[in-house]
Amino acid sequence: MNYDILIKKAKENSLEGKLLDRETLIALLEIDPDSKAVEKLGESAREVASKFANNKGSVWASIGIDYQPCKMNCSFCSFGVKWGAITNRYQWGVDDIIQYTGKFVSEGAKWVTLRTTECFRTDNLCSLAKKVRSNVLGNYELVANTGELNDEKAKLLYESGFKVVYHSIRLREGIDTPFNVNERCKTLEAVRSSNLTLAYLVEPIGVEHSNEEIADVFLTAMRYGAKLTGAMARVPVSGTPLFKYGALPERRLAQITAVTRLGAGKYAPDICVHPPSKLAMEWGANVVVIETGAIPRDIKNIKNEWGGFDMSTAKKWYEETGYEA
Ligand code: SF4
């Protein structure tokens with residue numbers, strides 16, 4: 001395969017506002033992440049980011065509210081009751097959530113996500129959102145990352161102050177998770193039928209996932225109208241079944257992020273990488289995540305920014321990768 005031609009054509013199509021097809025996505029994902037060709041792919045994705053993201057880097061802050069054993073036992077998640085990682089459950093109080101939201105907003109976060117487990121009641125989440133919105137003023141969007149939704153719940157979330165919902169059909173959904181793909185799709189339908197915006201990353205990526213699987217999950221995000229997409233690597237949590245595969249190399253994560261940038265073009269102007277990667281930012285990601293609280297990639301009650309990745313680091317990385325932050 002002539003990768004120069006493939007990448008050039010993909011970039012041109014992307015800049016012209018065409019969604020890339022499955023075959024092209026797979027061909028781009030087939031490039032060796034350690035090759036020179038993948039660097040060309042990354043440069044091209046960065047050019048597309050300049051156009052469709054207006055060269056603006058943004059920060060997605062996320063607060064994990066409840067840390068408790070979850071009976072769904074997804075094979076990658078530290079919350080799974082079967083993996084025995086959770087010894088002390090906790091739930092963040094309203095005051096702490098307001099305080100952290102205020103901190104992230106004052107530092108410049110564009111989005112603040114309230115993330116819960118499946119067990120968290122939607123009415124409680126709505127009540128929390130109202131308190132956050134009335135106490136933290138500013139130019140930010142509140143994001144819900146919670147359990148399954150129907151039309152009624154989606155409407156309630158919107159009326160309570162949420163503007164965005166994070167939801168995805170995860171890689172090997174129904175295999176590495178007990179969820180039914182059709183049920184997860186109903187939530188995506190409910191979001192699409194509401195006033196809420198969809199954010200949906202290709203996740204949680206491991207070394208075992210094929211290019212076809214990655215392309216299909218990405219295309220599902222596009223089919224449901226995601227305005228923010230990108231790539232999230234699985235963080236191996238000791239004790240979870242998928243720990244055995246180890247971590248995804250950073251160049252592969254950056255490559256997949258670049259492919260989502262080219263693939264989404266104008267349709268999803270915001271492309272996120274998680275965990276944060278400066279290389280992925282150089283290759284087209286314009287959104288990074290700062291998170292705290294209950295994190296399914298960790299087993300502690302995180303009280304500061306996870307992994308030490310805070311707003312000043314994010315802004316420094318944006319500066320170093322040529323974005324306006
Ligand atoms: S990913 Fe969500 S549903 Fe699955 S075990 Fe973790 S908290 Fe439960």
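Mentor: A definition is needed at the outset: a residue counts as buried under 20% relative accessible area, as exposed over 50%, and as partly exposed in between. With that cut-off, N54, at 59% relative accessibility, counts as exposed. Please bear in mind throughout that this is a predicted model.

Let us begin with helix 2, residues 22–29. This helix is mostly covered, since six of its eight residues are buried. The buried residues are T24, L25, I26, A27, L28 and L29. They pack against helix 1 (3–15), helix 3, helix 8 (211–223) and helix 9.

Two packed helices are described by the angle between their axes and the distance between the axes. For helix 2 and helix 8, the axes come within 9 Å and cross at roughly 130 degrees. That angle makes helix 2 oblique to helix 8. The crossing of these two helices is right-handed. On the side of helix 2, the contact involves R22, L25, I26 and L29, which meet N211, E212, I214, A215, D216, F218 and L219 of helix 8. By class, the residues of this contact are seven nonpolar, one polar and three charged.

With helix 1, its axis comes within 10 Å and crosses at roughly 10 degrees. Helix 1 is therefore roughly parallel to helix 3. From helix 1, the residues Y3, I7, K11, S14 and L15 take part, and they meet A37, K40, L41, S44, E47, V48, K51 and F52 of helix 3. This contact of helix 1 with helix 3 has seven nonpolar, two polar and four charged residues.

The second pairing joins helix 3 (residues 36–52) with helix 9 (residues 250–264), whose axes come within 9 Å and cross at roughly 45 degrees. Helix 3 and helix 9 are therefore oblique to each other, and their crossing is left-handed. Helix 3 contributes V38, E39, L41, G42, S44, A45, V48, A49 and F52 to the contact, while helix 9 contributes R251, Q255, A258, V259, R261 and L262. These residues divide into nine nonpolar, three polar and three charged.

Within helix 9, A264 deserves attention. A264 has a relative accessible area of 0% and is therefore buried. Leaving out residues up to four places away in sequence, A264 touches L19, F218, M222, T229 and I271. The C-alpha atoms of A264 and T146 are 118 residues apart along the chain and are separated by 25 Å.

The UniProt record places the feature "domain: Radical SAM core" at residues 55–266, in an unreviewed entry. The end C-alpha atoms of this span lie 13 Å apart, and the span is 36% helix and 18% strand.

Apart from neighbours within four places in sequence, N145 is in contact with T113, L114, R115, T116 and Y166.

Finally, the backbone itself has several points of interest. Most residues other than glycine have a negative phi, and most peptide bonds are trans. N73 is found in the loop between strand 2 (66–67) and strand 3 (90–91). With a relative accessible area of 14%, N73 is buried.

As for the peptide bonds, the one from E203 to P204 is cis, with omega near -15 degrees. P204 is part of strand 8 (residues 202–205). The bond from H274 to P275 is also cis, with omega near -10 degrees. P275 has its place in the loop between strand 10 (270–274) and helix 10 (278–282).

How values were computed: Residues are numbered from 1 along each chain as its sequence is written. This is a predicted model: local features need pLDDT of at least 70, side-chain atom pairs count only at pLDDT 80 or more; totals for chains, interfaces and linings use all residues. Side-chain values use heavy atoms; hydrogens and water are left out. Axes are lines fitted to C-alpha atoms, for helices over the stretch in contact, and angles run from 0 to 180 degrees between N-to-C directions. Helices (H or I, at least four residues) and strands (E, at least two) are DSSP runs, numbered from the N terminus. Angles under 35 degrees count as roughly parallel, over 145 as roughly antiparallel, 65 to 115 as roughly perpendicular and the rest as oblique. A crossing is left-handed if the near helix is turned anticlockwise from the far one by less than a right angle, and right-handed if clockwise. Contact means heavy atoms within 4.5 Å. Ala, Val, Leu, Ile, Met, Phe, Trp, Tyr, Cys and Pro count as nonpolar, Asp, Glu, Lys and Arg as charged, and the others, Gly among them, as polar. UniProt positions are given in the numbering used here, feature names are shortened, and annotations may be inferred rather than shown by experiment. Buried means under 20% relative accessible area, exposed over 50%, partly exposed in between (1.4 Å probe, protein chains only).
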